[in-house]
Amino acid sequence: MTAGSNDAPLRNNIRQLGRLLGEVLREQGGDELFWTVESIRTLSKDARAGQASARSALEQRLAELDDALIMPVARAFSHFLNLANIAEQHHRIRRSREYRRATDSKPQRGSLDAAFPELVKKIYPERLYEAVCNLRIGLVLTAHPTEVMRRTLLQKHYRIAKLLDQQDRPDLAPDEIEEIEEALKREITAAWFTDEIRPRRPTPVDEARWGFAVVEHVLWDAIPRYARRLDKMLQQHTGRRLPLDVMPIRFGSWMGGDRDGNPRVTARVTREVCLLARWQAAALYLQEIEKLIPELSMQCADSDLRASVGDAWEPYRVKLKRVRARLRLTLRWLESELEGRRSPPGEAYVEYEDLAAPLLECYYSLQRCGAGLVAEGRLLDLLRRLACFRLTLLQLDIRQEASRHTAVLDAITRALGLGSYVEWDEEQRQAFLIQELENPRPLIPHGFEGDPEVQETLETFRVMAEVGPDSLGAYIISMASQPSDILAVELLQKEMQVRHPLRVVPLFETLKDLQNAAGCIERLLAIPWYRKRIQGHQEVMIGYSDSGKDAGHLTAAWALYQTQEQLVATCRRAGVRLTLFHGRGGTIGRGGGPTHAAILSQPPGAVDGSIRVTEQGEVIQAKFGMEGIALRNLELYTTAVLEATLLPPKQARQEWRDTMDRLSEIAMQAYRQTVRETPGFIDYFRAATPEQEIAGLTIGSRPARRRTDGGIESLRAIPWVFSWTQTRLLLPAWLGVGEALRAELEAGRERELQTMFRDWPFFRAFLDMVEMVLAKGDPEVAAQYDNRLVPPALRPIGEQLRQRFRDTLAAVLRVTGHKVPLESFPVVRRSVDVRNPYVDPLNLLQVELLFRVRHGGEENLRKALMVVINGIAAGMRNTG
């Protein structure tokens, strides 16, 4: 069975959902809306088929739409693209089932079924077992400014997917088929009556609740299914089972903890999010216990368990009722805390072990009594959930910029008359910090008060001390560059009496900081106090977004690869275990792309049994929005990390590294010359893209800019990428790549590039992703923005960029040997082809709306623009 070998069910689903949407449009908007949408759709398909007259007719038709009709037309195309996404995700689940059902074909690539038989051919079973038990995969959910989909619509989309799943049953009666179709239309109608645009910008607490909902609706059920499959593979290939307290994948969150550039994330917000996470976890565990109590009604001859409940009749139920009572107490205590009434926890569950102990007691008792099959049901699933989510659901990372800690220490040293910490050099700072870390007396004077920012930073550390270690994960320092940045946070934890200090993780983001990262860590590991503190384990975060915006995609990708190599070597020399935390975004320009290929393309030793990765914005919905999709992604992460750990790739040849050095230098020059040195580029960017309008979207709690003044450097990487994605030029992902490849090709090194693509996973993954971006892009669509929105004096910039897009595509295809983009990825090619006729009208509508809004259009046009932005994001399948 090959990918995409049976797409008929997908096409049928898309046609069905499109037909039902058409019926809803006709019923709710009348014949005028229906036929307007149909005529636009037909013209767009004809234009995509190469009819020049259809393209000009389409442009004219959209330009002539009156203000009242623009909104429903925009909504219609946006809704279709969302429905197509649902159908595609459901089809992925359907294909996964087909792979597992088929006995005459290979298992699905990247699945546990495919990976384990191959691994045991090369690895001793005992080593494989140990590797699985020692896996530490951290998936960190984050909210970002371009996450466009409202939760209420996501829930409707989830129900539509469930209905498509029911419809696949082969034994449905005609009336059941009719009922499902009616239910589908009901959900589509409800979605049509739902506002796509949030009435207000979400708060950080709103975003955190969205993260909890992902766990509740999908991951809560996906995790035990994943654990069952992994347990089965271990039994088949190693003869041993997955221990009950082992879970290779754990989830974290930045929602409510990421205060870098977001003043709305305060200490108070962090405390509230931690309490809400505990409340949600307790509520979910209570639901499971309520289901378990009637299930475990059997008598038992196990003396140990009977003794623990006073020789009671139905001892399992008695034991579980006690657990239920404590969970109810836990909920009441957390509700009191959330309402501001501080009180001791009493019998509430605070420690993971307190809840795990009675459940394990029941599990082992059932095994001893011969009722092991019962123990392997709902009770085992609950234990697997507990191993994954503990009592806090999602461990919250704290993230803050290094300069905020510097400001706190400067205020303290000034208050103590020690001078200005800001003015000290790195050597002076380190000497002071180490001295104070080793000194048991407090540093901060009694009654000390700094300015509001200083006080807020200190209050964050107070909250860290209060909420306890289970609620929190790591402390991430963005824009870290020196050992003192890490030591400063360690000192503040000591001073604020954080009894269980968080691990402190430097985040290296810019090209310069990435190049200096290994040197920073080497100096840090040379400090005896610090070596003792970390207990042989160092975590480092590397940022894809800002490095890409700083130097361009190719240069950043090579710098990130080299940085990982250097960090691995540094930590190995020091005898320290390294975990790399990848700050990846959803788009290719921000480190996004297929999970399996991305992990396997890392340098040797970079994935040594542990990895952390951010899952950002709409990518969370794409990867974990449906149970079957979530299960597939959990398996992909597991098999990729196992393979990279047990069978790491070979070191890259020196001649390949020399080629990458040349490519990187040329690409960076081309990128920076365009973005930083081209006169009028910033003005062109702001005129040709919806960058300024995106700032008005009520789609995330973070501002789009770190500061309101400045140019590209002040813009966050996410809206920088989002803006170019909207116009279909997707510039951040390819700018500089074409010039670099062409220089090597013209120098006669085509065969070497092709060998690198064939034999080096890093280079192959990089070019595959660039090719994918270029397939999604469309310079002809981007030209429409220039023609209508850009002043004539700036239009040559756009003309040059579009020609460079075409030149880059030609160079990439020459190296990959492909005749057309995505030749090796037919599923993605199909996805792009299905969407283009529906995204094209939205792009042209966006051009029209931007023109009208910028020339004083009515407020309803601004709202229509927001709908179009949402629709294009849905069609492109990523935002920032």
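**A first walk through the model**

Analyst: Let's begin at leucine 822, which counts as buried because its relative accessible area is 2%. Keep in mind that this is a predicted model.

User: Where is leucine 822 found?
Analyst: Leucine 822 sits in the loop between α34 (795–816) and α35 (826–854). Its phi is positive, about 65 degrees, although leucine 822 is not a glycine.

User: Which glycine takes a positive phi just after α11?
Analyst: That's glycine 340, with a phi of about 90 degrees.

User: And α11 itself, how far apart are its end C-alpha atoms?
Analyst: They are 35 Å apart. Helix α11 (residues 315–338) has 24 residues, which should span 34 Å at 1.5 Å a residue, so the two values agree.

User: OK, switching to strands. In what order do the eight strands close into a barrel?
Analyst: The order is β1-β2-β3-β4-β5-β6-β7-β8, with parallel pairing. From one strand to the next, the twist averages 25 degrees.

User: How many bridges join β1 to β2?
Analyst: Five, and β1 (residues 136–142) runs parallel to β2. Glycine 138 has arginine 250 in β2 as its bridge partner.

User: How many residues of β2 are buried?
Analyst: Four of the five residues in β2 (residues 249–253) are buried.

User: And how many bridges do β2 and β3 pair over?
Analyst: Two, in the parallel sense. Serine 253 stands opposite leucine 396 in β3.

User: Then how many bridges join β3 to β4?
Analyst: Five bridges join β3 (residues 395–401) to β4 (residues 472–478), and these two strands run parallel. Across from glutamine 400 you'll see isoleucine 477 in β4.

User: Which helix lies across β4 and β5?
Analyst: Helix α17 (residues 483–495) does, running at about 150 degrees to β5 (503–508).

User: Let's change topic to the inside. Which residues touch the most other members of the largest nonpolar core?
Analyst: Phe251, Tyr285 and Phe389 do, in a core of 161 residues. Helix α8 (residues 204–238) gives the most to this core, with 16 residues. There is also a second, separate core of 119 residues, which includes Val675, Ala688, Trp760 and Ile869.

User: What does phenylalanine 389 touch?
Analyst: Leaving out residues up to four places away in sequence, phenylalanine 389 touches Val215, Leu219, Trp220, Ile223, Phe251 and Tyr285. Phenylalanine 389 counts as buried, because its relative accessibility is 1%.

User: Now the rings. How many aromatic pairs does the structure hold?
Analyst: The structure holds 25 aromatic pairs. One of them is tryptophan 220 with phenylalanine 389.

User: Why is that pair of tryptophan 220 and phenylalanine 389 stacked?
Analyst: Because the ring planes are at 25 degrees, and planes under 30 degrees apart count as stacked. The ring centres are 5.6 Å apart. This pair links distant parts of the chain, with tryptophan 220 in helix α8 and phenylalanine 389 in helix α13 (residues 372–389), 169 residues apart.

User: Is tryptophan 220 buried or exposed?
Analyst: Tryptophan 220 counts as buried, at 3% relative accessibility.

User: Which residues do ring pairs link into a cluster?
Analyst: Trp220, Phe251, Tyr285, Phe389 and Phe624.

User: What about tryptophan 656 and tryptophan 760?
Analyst: They form a stacked aromatic pair, 5.7 Å centre to centre with 25 degrees between the planes. Tryptophan 656 lies in helix α25 (residues 654–677) and tryptophan 760 in the loop between α31 (750–759) and α32, so the pair ties together parts that are 104 residues apart in sequence. Tryptophan 656 counts as buried at 6% relative accessibility, and tryptophan 760 counts as buried at 3%.

User: Last one: how many residues of α32 are buried?
Analyst: 14 of its 16 residues, which leaves α32 mostly covered. Helix α32 (residues 761–776) reaches 23 Å from its first C-alpha to its last, close to the 22 Å expected at 1.5 Å a residue.

How values were computed:
Residues numbered from 1 in each chain as written. Predicted model: local features only at pLDDT ≥ 70, side-chain atom pairs only at ≥ 80, totals over all residues. Heavy atoms only, no water. Expected span 1.5 Å × (residues − 1). Buried < 20%, exposed > 50% of the residue type's maximum accessible area, 1.4 Å probe, protein only. Core = buried A, V, L, I, M, F, W, Y, C linked by side-chain atoms within 4.5 Å. Contact = heavy atoms within 4.5 Å. Pairing = 2+ DSSP bridges. Axes fitted to C-alpha atoms, helices over the stretch in contact; angles between N-to-C directions. Phe/Tyr/Trp six-rings, centres within 6.5 Å; stacked < 30°, edge-to-face > 60°.
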